Amino acid sequence: MSAGKRFREALAAESPLQIVGTINANHALLAKAAGFKAIYLSGGGVSAGSLGMPDLGILTLEDVLVDVRRIVAVCDLPILVDIDTGFGPSAFNIERTIKSLISAGAAAAQIEDQISAKRCGHRPNKEVVPIDEMVDRITAAASARGSDPFYLIARTDSLAIEGIDSAIKRAKAYVKAGADAIFAEAVTDLDQYKKFTSEISVPVLANLTEFGMTPLFTTEQLKSVNVGMALYPLSAFRAMNKAATEVFKTIREQGSQKSILEKMQTRDELYASINYHQYEQALDKFQSESRDK
């Protein structure tokens, strides 16, 4: 079954579909073990986690593909990938992006209507392109997937800039151009989500990023206004960074990690998540057979 079809099945099976951000392959495995049906690769996460840079349109398509391939190689959960504005000024660039993602095993992509020098969706001074330009992006992306059930989500950052009516106008145009769902960024209350879902015929995604403009609504609250997807893009990443900071500080100041061992994943827990013993048994068998020859 194709990755795109698995994403669509997950969306049909759970409402709202919880999509959790996984910064690397190890986190993808942990998300699967926790019971999630879909995962997410954030552009901001790739920028900060893999490159150590801010989410300001600096990363490239290949930066994203490296992390996608690593995740898909070990985890079969369908993955939604953030592609910012499509990685290129022309339709040809966007077509290449979509085809490359499908080839890499991604299930879905999110493309946004900011200008190429994009900013985090919860930061000031964002700028969006004209509707026609974003429609061209979506048209190119939809054309590139052809008959593949690859899922295409159009993100609009216009709510914070132009208001709710303009954002909905844009969303309708994006759906007409081929978007399977709408990512309404920087929504500030449930009534705004309700307005989107009442006027748009496709699923709406809620971005529940921490420390941003959108309140951390529960799945029950989102379901009450018919939101189809709940995204947690960097929750585990933020916790991982906080924990790493504490560990580094403790080791530096105390000269030992003994006082924080209880906060660490044990060796056995790590081995369980990455199937270490299965690999080791296969290695033992291979070496035994090699010696017997």
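Is strand β1 mostly covered or mostly uncovered, and how many of its 5 residues are buried? Keep in mind as you look that this is a predicted model. Strand β1, which spans residues 17-21, turns out to be mostly covered, with 4 of its 5 residues buried.

Now look at the strands that pair with β1. One of them is β8, made of residues 229-232, which runs parallel to β1 and is joined to it by 4 bridges. To find this pairing in the model, pick out Q18 and you'll see it standing opposite A230 in β8. Another partner is β2, residues 38-41, also paired with β1 in the parallel sense, this time over 3 bridges. To get from β1 to β2, the chain passes through helix α2, residues 25-33, in a β-α-β crossover that is right-handed.

Next, let's turn to the nonpolar residues. In soluble globular proteins, nonpolar side chains tend to be buried together. The largest nonpolar core in this model has 63 residues, and the ones touching the most other members are I39, L101, Y193 and L222. Helix α6, residues 131-145, gives the most to this core, supplying 7 residues.

Methods:
Residues are numbered from 1 along each chain as its sequence is written. This is a predicted model: local features need pLDDT of at least 70, side-chain atom pairs count only at pLDDT 80 or more; totals for chains, interfaces and linings use all residues. Side-chain values use heavy atoms; hydrogens and water are left out. Buried means under 20% relative accessible area, exposed over 50%, partly exposed in between (1.4 Å probe, protein chains only). Helices (H or I, at least four residues) and strands (E, at least two) are DSSP runs, numbered from the N terminus. Two strands pair if DSSP finds at least two bridges between them. A crossover is right-handed if, with the strands pointing away from the viewer, the path from the first strand over the helix to the second runs clockwise. A nonpolar core is a set of buried Ala, Val, Leu, Ile, Met, Phe, Trp, Tyr and Cys residues joined through side-chain atoms within 4.5 Å.
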